[in-house]
Amino acid sequence: MAGVNPLDAVPFMQADLARVEQLLGSSAASADPYLTEICSHLVAAGGKRVRPGFCLASSAVVLPDGTESSDSSVIGAAAVELVHLGSLYHDDVMDEAVVRRQVESVNARWGNIRAILAGDFLLARASELAASLGVEVAGLLASTIVRLCEGQVLELKHSFDVGRTEAQYLDAIHGKTASLLASACRIGAIVAELDRDHTEALTTFGTGYGMAFQIVDDVLDVVATEADLGKPAGHDMEEGVYTLPVIIAMASGHGEDLRALLGGPIDTASRDKALDIVRDSDGVARSIERARTFANEAAQSLDTLPDGPGVRGLRAAADYLLAQVELAAA
Ligand code: GRG
């Protein structure tokens, strides 16, 4: 899904993002140039850098305009992006993906073994950075990696499961997506030594944003065109990942027809038939309603925070996400 970095709304903070970029580059470097090349591949390919943006913005909620981010905030921001990168390296191996961030995936270019090792290296670099910020941040980042693994395993456990429930879906996306966005905000709050209420509000923001972000992504897989997605619509269903609109459609009036098509590998014709059933059901509208609720909850949690550059950035991200929700609904 295309998007913007929250700090696009806070121009003076672009210099802080550039410092994160530098740290990401040096973190991807090893004494071995071959490993450096593999680890730098997706760092150089870009990405929206939403997680570093959330960390820096969270640290900035009590800063006056024009203040540059602390070194600790920049280190926290790089650490969360490195965890995200490590998870992408591993995820692409699991999915046998060939493209990531609009370039050849690491596994496609260097093979699975090197992709896994490079992902491990990036996670280790993230841990080094987190350790330099103290026990609380190191512990939080470690438990976030636990949640990423749990979320991903929960998704695998229910692959091709026509009985997958909404609760199981929400639990999986909380782990695989929302937990890291929440921790990006929380780490920003911890290193800025914000008070407890502000820290909790920022964590709530990251969680709500992450839940809405993943639901929108999953709805788009059903409603968007192949040209927009860069892959055929219904790809998740083909992979056996039955997301919220599909789960709701399976429980609806036409659920029986849909369940008869799903439950195992499907050909293109069956995928298109299944897509039609999901699109005609209330699965899409009800999923969008869930995403809207999560995004609104995220936006509301910002109301308790002081108005400053950080909140301006986070609010812009929430507004952008809400616009994506409405676009998916159109
Ligand atoms: C080894 C940390 C670790 C985890 C293992 C593979 C795995 C368990 C988890 C994968 C979780 C995963 C890939 C979740 C999807 C997260 C997501 C929303 C990715 C897309 O994020 P964007 O749109 O991507 O922010 P860019 O490229 O812009 O950064």
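How many Å separate a polar side-chain atom of Arg-51 from an oxygen atom of the ligand? The distance is 2.8 Å. This is a predicted model, in which local features need pLDDT of at least 70, side-chain atom pairs count only at pLDDT 80 or more, and totals for chains, interfaces and linings use all residues. Residues are numbered from 1 along each chain as its sequence is written, and side-chain values use heavy atoms, with hydrogens and water left out.

**The ligand site**

The ligand is surrounded by 18 residues. The closest are Lys-48, Arg-51, His-84, His-90 and Arg-101. Polar contacts are pairs of N or O atoms within 3.5 Å; within protein, one atom must be able to donate a hydrogen and the other to accept it, and residues adjacent in sequence count only if both atoms are side-chain atoms.

| Side chain | Ligand atom | Distance |
|---|---|---|
| Lys-48 | oxygen | 2.6 Å |
| Arg-51 | oxygen | 2.8 Å |
| His-84 | oxygen | 2.8 Å |

Taken alone, the ligand exposes 750 Å², and the protein buries 91% of that. Accessible areas come from the Shrake-Rupley method with a 1.4 Å probe; for residues, only the protein chains shown count as cover.

Which helices supply at least two residues each to the shell around the ligand? They are α4 (71–95), α7 (135–157), α8 (166–191) and α9 (196–223). Helices are DSSP runs of H or I with at least four residues, numbered from the N terminus. α4 gives the most, with 5 residues. By type, the shell divides into 6 nonpolar, 7 polar and 5 charged residues. Nonpolar covers Ala, Val, Leu, Ile, Met, Phe, Trp, Tyr, Cys and Pro; charged covers Asp, Glu, Lys and Arg; the others, Gly among them, are polar.

**Aromatic pairs**

The structure holds 5 aromatic pairs. Rings of Phe, Tyr and Trp (its six-membered ring) pair if their centres lie within 6.5 Å; planes under 30 degrees apart are stacked, over 60 edge-to-face, and the rest tilted. Phe-54 and Tyr-209 form an edge-to-face pair, because their planes stand at 80°, with ring centres 4.8 Å apart. This pair links distant parts of the chain: Phe-54 is in helix α3 (residues 50–59) and Tyr-209 in helix α9, 155 residues apart.

Phe-54 is buried at 0% relative accessibility. Tyr-209 is buried too, at 5%. Buried means under 20% relative accessible area, exposed over 50%, and partly exposed in between (1.4 Å probe, protein chains only).

Tyr-209 also pairs with Phe-205. That pair is tilted, with 6.0 Å centre to centre and 35° between the planes. Phe-205 and Tyr-209 are 4 residues apart in helix α9, so about one helical turn separates them. Phe-205 is buried, at 0%. Phe-54, Phe-205, Tyr-209 and Phe-213 form one aromatic cluster.

**Other sites**

The charged end of Arg-109 sits over the ring of Trp-110, 5.2 Å from its centre. The criterion is NZ of Lys or CZ of Arg within 6 Å of the ring centre and within 35 degrees of the ring normal.

Helix α15 (residues 283–301) contains Arg-290. Arg-290 is partly exposed, at 31% relative accessibility. Its C-alpha atom is 29 Å from that of Ala-60, 230 residues apart along the chain. Ser-301 is also in helix α15. Ser-301 is buried, with a relative accessible area of 10%. A polar atom of the Ser-301 side chain lies 2.7 Å from the backbone oxygen of Ala-298.

Methods:
Near = heavy atom within 4 Å.
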